[in-house]
Amino acid sequence: MPKKECEKEMSAKSRRSRTIHLKLGRMKTMLNVAVIGLGTMGNVHVEAWSRISDVNVAAVSALDREKTEAVASQYGAKPYSQLEALLEQPDIDLVDICLPTYLHKQFVTKAAEAGKHIICEKPLGLDVKEAQEMIDVCEQNGVELYAAQVVRFFPEYVNAREQVKKGKIGKPGIVRLSRGGPFPRAWENWYADEKKSGGLILDMMIHDFDWLRWTFGEVERVMARRVVRSEGTNPLEYVLVTLRTEDGTIAHVEGTWAHPSFRTSFEIAGDKGMIVHDSRDSAPLSLHLRAHEDKGADQGVAVPESPLHKDPYQRQLEHFSRCLMTGARPIVTAYDALKAVEISQAALKSASFGKPVEIGKHEVN
Amino acid sequence: MNIGIISFAHMHANSYAKHLHRHPEAELTAIWDDDPSRGQRASDAFGARYYDDLDQFLHSDVDAVLVCSENAKHRDHVVKASQAGKHVLCEKPIATEIRDAEEMIDSCREHGVILQIAYPVRFAPSVERVRDMVQNGELGDILAINGTNHGQMPGGWFVQKEMSGGGAATDHIVHVMDLVRWMLNDEVKSVYAEMGTRFYDIDVEDCGIVSLEMESGTIVTIDPSWSRPKTFPMWGGVKMEMVGTKGTLSVDVFKQSVLYFNDRDGKVQQLPWAEDMDKRLIDDFLDCIKHNRAPFITGEDGLRTLEVVKAAYESHESKKVVQLTRR
C-alpha cells in the first residue's frame, strides 16, 4: 500500500526536481541507525527500531550519560556522548533525531554534512525558514530527510482519510479535530518555553494540521484563539483554530494541554455522511488496578496507547527505512512537514494578532 | 390565564400548545395563523378558536401570546401584540434585523408588557447545574468554551432568507451564545466566522464556525452547522467543552436518551428521557405573568445574541474580525 501511494505521488509531483541519492552503495540488507536524544520520543523510537527486522540500532546518544549507557546496553547499541564521534562512524546509515524542536536544525545540519540520511521528529523546524534550510542542506549533501509526522501512520487517521478519498462522506463540509491532554513535562520543561517548542500550536496541533492538509488539500486561511497560563506549578494551554481549505471545507481544530488525560477525536461531516471517532471510545482494554503508586511529578510526554500488533511508530520507522532502501517516496515528505509548520506559524500569528491569516499559494518545489 | 399562539410556522408551537393544554392555570384559547389550513389543523388538535384576522385575535381575551411565526415576521407580530396590551413569549431568534429587535423591546416596554425570548436550553437541568458550578467558582475562571449546536436541515421557510434571515448561523448560533452570555455574565468583544453551503442545495448557509472573544478574554467557538446526516439517530444536540483555571467540564445537554435499534423502521434512534425544557420555559413565562415579574430571558438577551449573528455574517463576508459595540 505505501509503495502504491509513493508511486502516485511521484507521478503527480513529477515536476518537482527532487533527485534521490542513495549513498547505500551496494544492495544492503541491514540498515544501521543511530538514535539521538533519549527523552520520551527517543525511547519510543529505539523500542520501535528494535522490532524492525532489517534495521540495527547501532548507536544511541544523549546528554544523560547514565541513560545513554543503560539504553545502549539494553538494545545492544554503542553509546556516544559526542555527536561528532557518532557521525564519524562510516557504518551508520541513518540518524534518527529525537531532540527538542529548537535543536532540530543544528543536528540535522551536522548529520547532513556528515553524509547521513536523517529522520527528524516533528515539528520539522521552529519556522518555515528553518525547515527550508534543513531541506536545502540535506539536498545539497545528497541525503534523505524524513519527517516523523506520525499521525499519518495511526490506523484510525489513515482509515478516515481513505473513506474521505473514496467518497464515503461525499463533499466535505465541516471537519472537527481534537487532540491533547495534560501539560507535558519534560527535560528542562522545554515545552513551556515557546521559543524552544512553539507551544501547543507548533508542537501538537501540527499533527492535525498535517492530516487536514493530507486529506483535504492546501489550507487557505487560519483564525486561531489561544489561552495560556504558564505561571505556577499548574500550567495550561488551550487553543481553538478555525481553518478554511482551498476546496471550501471548513475545519475546527481543538488543541489542549489542559485536560487530565490524553485523547484524540475527529468528526468529518459531508453531504453524503459523517465519520466520527473518539480515542476514549475505541480502546479494547480498560484496566483499573486496586492500589497504585502515585507517579512522580515528572510524568513525561503523553504518548497515545495503541493496542496493535504493529504500533504507528513502528509502522512509520519501517516505512522510512523501506523508502530509504528502495528509493521510494515516503507518504509524508519533508516538504509536507514544512507546509505543516507553515500552518502552525499562521495559527500562532493569528492568535497573537487576533486576526485571520492567509496562507500564500503553495509554490511547487 | 388565557393564552394565544401567533402562527404554527415554527414546530415548537406544537410543543408549547401541548404544555399549555396541560397547565392547570392556563388555557390555549386562541390561534392565529396566516396559513389557514395549518391554523385550522392546530385549532382542531388543541381545541382553541382559530382566527384568520390578527386584530380580532389580539382583541380576544388572551392575556399573553406566544409568537412562533417566521423570523422575519416576529417584529410585526410582537409590536402589534404589545400595542394590544398582551404579554409576549417570542421564538428565537428575536428578529432578523437589529432595528426590528430594538423596536420590539421598546414597544413592549412602552406598553408595559413582558417580552420573554424562547431560549429553552437554559431550563435543561444539566445546563442549570453548569451555570451554578461556573458561578460558584468551581471551575475557576472560565478560559475557553468549545460549543456546538448541531442539527439537521429543517427546510421550508428556514432556508428562505426573506423569511428566516439566514440559514444555520441564524438558527443555531443563538442557543449556545445565549448560554455563554448567561453563564459567564459577559458580552462578546469580537467575532470571526467562516460559513459555507456544503451539505445542501439551498440559498442560505448550512454550516460554519464562529470564533469569539468575550470582553473578559474568554475564547469561544460555536459550530451551528446543519451537519447531522439523515441517518443520525438524533436531531442534533448542544455540547460544550469548557476549560477553567481549576478544571475542565464536558457538557452534552441532550445525552439523556436511550439508544433504540429500530428494526421495524430500519434505523437507529436516540429516544430522550430528559425532562422537557419547553414545559419549564412555558411554566416560567406563565409565572412571570401571574406574579407580574420581570422575565427571566429578556428582549435584550435576544438582541445581544442577534448582534453576534449579524456580526458573524459580516465577518464571513469581509473575512475580517468584527469588533462588537453595544448601545
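Me: Does B:N292 count as buried or exposed?

Reply: The structure is a predicted model, in which local features need pLDDT of at least 70 and side-chain atom pairs count only at pLDDT 80 or more, while totals for chains, interfaces and linings use all residues; side-chain values use heavy atoms, with hydrogens and water left out. Residues are numbered from 1 along each chain as its sequence is written, and chains are lettered from A and ligands numbered from 1 in the order in which they are written. B:N292 is found in the loop between helix 9 (277-291) and helix 10 (299-318) of chain B, where helices (H or I, at least four residues) and strands (E, at least two) are DSSP runs numbered from the N terminus. Buried means under 20% relative accessible area, exposed over 50% and partly exposed in between (1.4 Å probe, protein chains only), and because B:N292 has 61% relative accessibility, the residue counts as exposed.

Me: Near what value is phi of B:N185?

Reply: B:N185 is found in the loop between helix 8 and strand 8 (188-196) of chain B, and its relative accessibility of 62% makes it count as exposed. Its phi is positive, in a residue other than glycine, and lies near 55 degrees.

Me: What is the relative accessible area of B:S164?

Reply: B:S164 has its place in helix 7 (residues 161-164) of chain B, and it touches B:N71, B:T96, B:W157, B:F158, B:V159 and B:T170 (contact means heavy atoms within 4.5 Å), not counting residues up to four places away in sequence. The side chain of B:S164 also reaches the backbone oxygen of B:F158 at 3.2 Å and that of B:G166 at 2.8 Å. B:S164 counts as buried because its relative accessible area is 1%.

Me: Is B:E70 buried or exposed?

Reply: B:E70 is found in the loop between strand 4 (64-67) and helix 4 (74-83) of chain B. Leaving aside its neighbours within four places in sequence, B:E70 is in contact with B:S7, B:A9, B:R38, B:W157 and B:M163. Because its relative accessible area is 7%, B:E70 is buried.

Me: The side chain of which residue is joined to that of B:S250 by a polar contact of 2.8 Å?

Reply: B:S250 lies in strand 12 (residues 248-252) of chain B and, not counting residues up to four places away in sequence, touches B:M240 and B:E241. A polar contact is a pair of N or O atoms within 3.5 Å; within protein, one must be able to donate a hydrogen and the other to accept it, and residues adjacent in sequence count only if both atoms are side-chain atoms. The polar contact of 2.8 Å joins the side chain of B:S250 to that of B:E241.

Me: How many salt bridges does the rule find across the interface of chain A and chain B?

Reply: The two chains bury about 3,000 Å² between them, 60% of it on carbon and sulfur atoms, where buried area is the accessible area (1.4 Å probe) that two parts lose on being put together, summed over both. A salt bridge is a side-chain nitrogen of Lys or Arg within 4 Å of a carboxyl oxygen of Asp or Glu, and the side chains of A:R244 and B:E194 meet in such a pair (2.8 Å, N to O). Across the interface of chain A and chain B, the number of salt bridges found by the rule is 5.

Me: Which strand of chain A gives the most to the side of chain A that touches chain B?

Reply: The rule finds 15 residue pairs in polar contact across this interface, both residues being at pLDDT 80 or more. The elements that give two or more residues to chain A's side include strand 7 (172-180), strand 8 (219-229) and strand 9 (236-245). With 6 residues, the element of chain A that gives the most is strand 8.

Me: How many residues has the largest nonpolar core?

Reply: A nonpolar core is a set of buried Ala, Val, Leu, Ile, Met, Phe, Trp, Tyr and Cys residues joined through side-chain atoms within 4.5 Å. In the largest one, B:L66 and B:M242 have the most contacts inside the core, and its largest share, 10 residues, comes from helix 8 (residues 168-184) of chain B. A second, separate core of 74 residues includes A:A77, A:Y146, A:F266 and A:V357. The number of residues in the largest core is 99.
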